Amino acid sequence: MSKVLIKGNEAVAEAAIRSGCRYYFGYPITPQTEIAEYMAKTMPKVGGLCLQAESEVAAINMVYGAAASGVRVMTSSSSPGISLKSEGVSYIVGCDLPCVILNVQRGGPGLGGIQPSQSDYYQATKALGHGDMHLFVLAPSSVQEMASLTSDAFTVADKYRMPVLLLADGALGQMMEPVDFDKISFSNPPEKPWAANGHGGARKKNIITSLYLKPEELEDTVLKRAEKYKLVEENEVRYEEYLCGDADIIIVSFGITARISKSAVNEARKNGIKAGLLRPITLSPFPSKKLRQLADTASAFLSVELNMGQMVNDVRLATECKKPVYFYGRTGGSMPSSEDVYEQILAINGGMKK
Amino acid sequence: MTEKIILAGFGGQGILFSGKKLAAAGMDKDLNVTWLPSYGPEQKGGTCNCSVILSDGDISSPIISSPDILIAFNIQSYDKFMPRIAPGGMLFADSTLIDKKPDRTDITSYFIPATEIANEMNMNKMANVVMLGFFIAKTGLFDRDYFRSCITDSLPASKAALREANGKAYDAGVSYAEKV
């Protein structure tokens, strides 16, 4: 099969099934309901299970149980629904279980709106649950990547035994673009000797828990997990670098806004301004090392986001404030045009932007 | 080359279908394409629209603020999107449902009574396909026969009657374009 024209949401669902995910638990919410629809249609055909839970909280706890039994499992929601899942996510981290969670972001806070947003960046990268914890966070910026990063998400989740969050938005979820599934490599689920599944008394029982009442025991698990996070940061950071080598002004942007920013970079180059784009594909861990290097060659950074300025602070930390870091964003479901972003580049270039 | 097209009308007029056919036809010609529907409460029995972008380069945003082409199937869509057509752009309107004419001289306007033509052929639901025939014939965006087969081949072979009806509706739009 060559290219198919498919919605971002459907691309995630299809890629999950091709990754060997056989369990999907979810609860409907715009703009990601096509995933549940696709799963409901397709899972029975491949011997899997799609279950609409009674709530987001129930869905994430079903994921918890399924992950503990060693199967590939996922859930999906949009911003308000993701907040509801956060307790379960923390338990899953506390048990070091692999799973995939998709957030097709909409504007917030509260019920907010249903149009695209990136306003859950802080939640995704800092605290999608209580405790000393991180998720591995991937940010697709095309429908092709909605599919390919879903495959990566399952691989990374199993490799490190940690939940992986795909952070998309309403535009990426709802839009159709061509996807070539043949270009994506899908991994087989590995053996999971730690899983709590039936074994007919053939081995010692596996216990999966996040409860450690002795401080030294709990500290030990948190320290071990921190070691794991270090390993993830060494091995799994991903980004796309576009014309950064000689760039004076580097835009840092992820997801849908990275595409808009790329157009603005091209426009700037046409007009003799040396602009570039650094697109983080992993938001956690953040490509800090790369940005630190770029801070030696570039003269300014511009973070473009669909929020009031969240990732911009990670850019400041990464570049150690060696160079000015500006912010431009729209929020509430509004989307900037490439002309809007280009104007920001012009303002920085002219030394006008404060 | 980049074409930004908005198709708009009522839910049930085949707006989203028509947009998908344009996007799929572009994909098969190795163009980059995006298709984005309006989504939300406004679709429930109300207006609906989709944005289609075809380009031989990268497509930055799937959202269209100022379309090169508007294909309008009701007066609400005409009122909302006609003023936003980019200078030098084109309007395609179903004149059965839209009795207004734009006062803009910087766009080219094409009218076809698509709903009336479809009704006369007892194909009430196919005004969109009549419009697509008219649109392709006027713009030459795709080869006429190629796009006709994109529509008919997308329908299952088991529904031969539906394929034939869609083909006929498309041809009616093409012939109307040759007359006006």
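Here are some questions and answers about a predicted model and the terms used for it.

The model is predicted, with local features needing pLDDT of at least 70 and side-chain atom pairs counting only at pLDDT 80 or more, while totals for chains, interfaces and linings use all residues. Residues are numbered from 1 along each chain as its sequence is written, and chains are lettered from A and ligands numbered from 1 in the order in which they are written.

Q: Why is Gly255(A) called buried?
A: A residue is buried if 20 or more other C-beta atoms lie within 10 Å of its own, exposed if 12 or fewer, and partly exposed in between, with C-beta atoms placed from the backbone. Gly255(A) has 27 C-beta neighbours inside 10 Å, so it counts as buried.

Q: Which residues is Gly255(A) in contact with, leaving aside its neighbours within four places in sequence?
A: Contact is about C-beta atoms, placed from the backbone, lying within 7 Å. For Gly255(A), the partners include Gln118(A), Pro140(A), Asp169(A) and Leu172(A). Gly255(A) itself sits in helix H9 of chain A; helices here are DSSP runs (H or I, at least four residues), strands are E runs of at least two, and both are numbered from the N terminus.

Q: What puts the buried residues of H11(A) on the same side?
A: They are Met311(A), Val312(A), Asp314(A), Val315(A) and Ala318(A). They cover an arc of only 160° around the axis, so they lie on the same side of H11(A). That arc is taken from the directions from the helix axis to the C-beta atoms.

Q: What covers those buried residues of H11(A)?
A: Among the elements covering them are helix H5 (121-126), helix H10 (288-297) and strand E14 (325-329) of chain A.

Q: Which residues of H5(B) meet H6(B)?
A: Arg144(B), Arg148(B), Ile151(B) and Thr152(B) do, and among those they meet in H6(B) are Arg163(B) and Tyr170(B).

Q: How many residues does each chain bring to the contact between chain A and chain B?
A: Chain A brings 18 residues and chain B 17 residues. H9(A) gives the most to chain A's side, with 4 residues.

Technical notes. Contact = placed C-beta atoms within 7 Å.
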